[in-house]
Amino acid sequence: MNGNKRIFAAFNQGVIPTIACFNKAKTPVEEWGIDLDALIGAMQDYVSQYVAPVWGTPAKLIKSTDFVKNAWAIVFLDDADQKGALAYHDLTPDGLPISKVFVRTTLDDHQSVSVSASHELVEMLVDPATNMMTTGPDAKTMYAYESADPVEEITFEVSGVEMSDFVYPAYFELFRKPGSVKFDQQNKVNKPFQILSGGYQILFKNGKWTQVSGSKAKARRFAKEDRRGHRSETRKAGRLKQADVPRLLRYKLTNRRH
Ligand SMILES: [Zn+2]
């Protein structure tokens, strides 16, 4: 491990990222409600046909069994309590973006794995370093550039697979008039910074991270959920950490040798 090598925001800029998708969850794939190959195929279509034309973020998804050199990663884990799960941290061993999809947590919450995975994917592509913020309706608040949170729970089908709705760049442009342009893929959002009833937003206010929900019901659900290891936690931590490969190896969670 070269722990001193750091790659900051924008990462491998100018290169279309390869994203290695690999499964370290023990939850049987039959319980996921989707086959992993079908999921990766649909996520590729989601990026190429829906996300990249709007956000300018193409990517090539590949199936792997572990980290791939110079590739970003999406790793499927059971939950944040799976041995070593949090040792995956926020960056791959090469210092590139990583998303964790907690399969067991997702299924226990009666959510779909494909929706969770596409949620993480679009947010990672739009803000790979989890550090982008913008001004917004409240002059004393900074708003996180999270592209799926405000429309969480709205989904649409891509190649027969349920995927997450996501907001468009105009969502973060306060000068846009209601209804004047497209604010999200599914046309559920009518104006900038609107939070749908099933969604939420991460804010930086008075020197602290906080979140607002689109409805009381959502706030209640959110409070019950286990969000460890998710992007909102990364933001609060304020510092990206590379995957702790020696620790993962102790838990037999990666095949990688250093
Ligand atoms: Zn999110």
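Thr141 is found in strand 6; helices (H or I, at least four residues) and strands (E, at least two) are DSSP runs, numbered from the N terminus. Residues are numbered from 1 along each chain as its sequence is written. This is a predicted model, in which local features need pLDDT of at least 70, side-chain atom pairs count only at pLDDT 80 or more, and totals for chains, interfaces and linings use all residues.

Back to Thr141. Beyond neighbours within four places in sequence, Thr141 is in contact with Gly136, Leu203, Phe204 and Lys205, where contact means C-beta atoms, placed from the backbone, within 7 Å.

On confidence: pLDDT is the predictor's confidence in each residue, from 0 to 100. The protein averages 92, and 95% of the residues score at least 70. Residues 1-9 are below 50, and that stretch has eleven contacts in the model beyond near neighbours in sequence.

Next, the core. A nonpolar core is a set of buried Ala, Val, Leu, Ile, Met, Phe, Trp, Tyr and Cys residues joined through C-beta atoms within 7 Å. The largest one has 57 residues, and Ile19, Met43, Ala73, Ile74, Val103 and Leu121 touch the most other members. Helix 3 gives the largest share, eight residues. Leaving aside neighbours within four places in sequence, the contacts of Ile74 include Ile19, Val101 and Leu121.

Now the helix pair. The axes of helix 1 and helix 3 come within 11 Å and cross at roughly 40°; axes are lines fitted to C-alpha atoms, for helices over the stretch in contact, with angles from 0 to 180 degrees between N-to-C directions. Among the residues making the contact are Met43 and Trp55 of helix 1 and Leu121 and Leu125 of helix 3.

Last, two backbone points. Most residues other than glycine have a negative phi. Glu153, in the loop between strand 6 and strand 7, has a positive phi near 90°. Glu153 is partly exposed, because 19 other C-beta atoms lie within 10 Å. Asn206, in the loop between strand 9 and strand 10, has a positive phi of about 50°. Asn206 counts as exposed, because it has 8 C-beta neighbours inside 10 Å.

Notes:
Two residues are in contact if their C-beta atoms, placed from the backbone, lie within 7 Å. A residue is buried if 20 or more other C-beta atoms lie within 10 Å of its own, exposed if 12 or fewer, and partly exposed in between; C-beta atoms are placed from the backbone.
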